[in-house]
Amino acid sequence: MRIIDDITNFIFLEDISPEAAMVEGVSGEGRLGGETHVPERDSVQEKHAVEEERSMKKEHSTKKECSMGEERFIDRIHFSEHAMEDNQAKADVIFIPGGSYPELPERAAELWRAGYAPYVVPSGRYSVTAGRFSGVKSKADIYGKDYATECEFYTDVLLSGGVDQGSILPEAQAQFTAENARLSRKVLDAEGIHPKKAILCCKGYHSRRSLMYYQINFPDTEFLIAPVYIDITRENWYCTERGRKKVLGELKRLGTQFTPELTPEWQDFQDEKCKRGI
């Protein structure tokens, strides 16, 4: 159904983390700007491999599968070696908006170990609606400590994943996505870090809204998206009540959260434009 495809493509930003950047020819904010191109390869065989990968991607994106737990609709991890050689695939920092799933900081740790960025900013206190850290949602047998905040939980996962303590810049006060972005900006400003390029590591269905807030707070920064798929994916979100609730909830929030309380930075920008009649 066309409407399902439209919602899927809008909410779920494609994986344009560094390991995918060379394949997609992406520099900057995903599909939001710039032309896609295929980088030159050293051999005809490699060019054929790229075309075959594109074909697989197109075929996969049209499938309507309801198998839970499929992490990606296409696996492009084998291109990471090429991406590492491309300066456009490297970033200054990795952002992780708050949550209770270890898969996000685990992926951030993988990217840090591979040398894609020197710093990781785990952000989050706990949900403003819950009023406390609600506990680890998966792999509790591995990460079974009594964490006070999402940031503490993320930091523990990052350290377990081999990230150096000095490379972790924690933010432990944010209670919703807009604050994740805003307070992460304050952490970097205090450190004198002004990223030209950043990786945003978040849930797949949360990627559009996360990018919106981080772009508002880092208007001069280019973003690469590293989405993590746990149970809700591009292929199955509409197959369950939980999936529909999560994805359509994101769609609703994208239209209702442009308020002075949640996005004062955007409000200031809009007010200035209105004054100038733009």
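What we have is a predicted model, where local features need pLDDT of at least 70, side-chain atom pairs count only at pLDDT 80 or more, and totals for chains, interfaces and linings use all residues. Residues are numbered from 1 along each chain as its sequence is written, and side-chain values use heavy atoms, with hydrogens and water left out.

Let's start with strand S1, residues 93–96. Strands here are DSSP runs of E, at least two residues, and helices are runs of H or I, at least four, numbered from the N terminus. What covers S1, one face or both? Both: Val93 and Phe95 on one side are buried, and so are Ile94 and Ile96 on the other. Buried means under 20% relative accessible area, exposed is over 50%, and partly exposed lies in between, using a 1.4 Å probe and protein chains only. In general, side chains in a regular strand alternate between the two faces of the sheet.

Now the neighbours. S1 runs parallel to strand S3 (residues 197–203), joined by three bridges, and Ile94 has Ile199 as its bridge partner there. Pairing takes at least two DSSP bridges. S1 also pairs in the parallel sense with S2 (residues 120–122), over three bridges.

On to helix H8, residues 207–217: 10 of its 11 residues are buried, including Arg208, Arg209 and Tyr213.

Last stop, Phe10, which sits in helix H1 (residues 2–11). Phe10 is partly exposed, with a relative accessible area of 38%.
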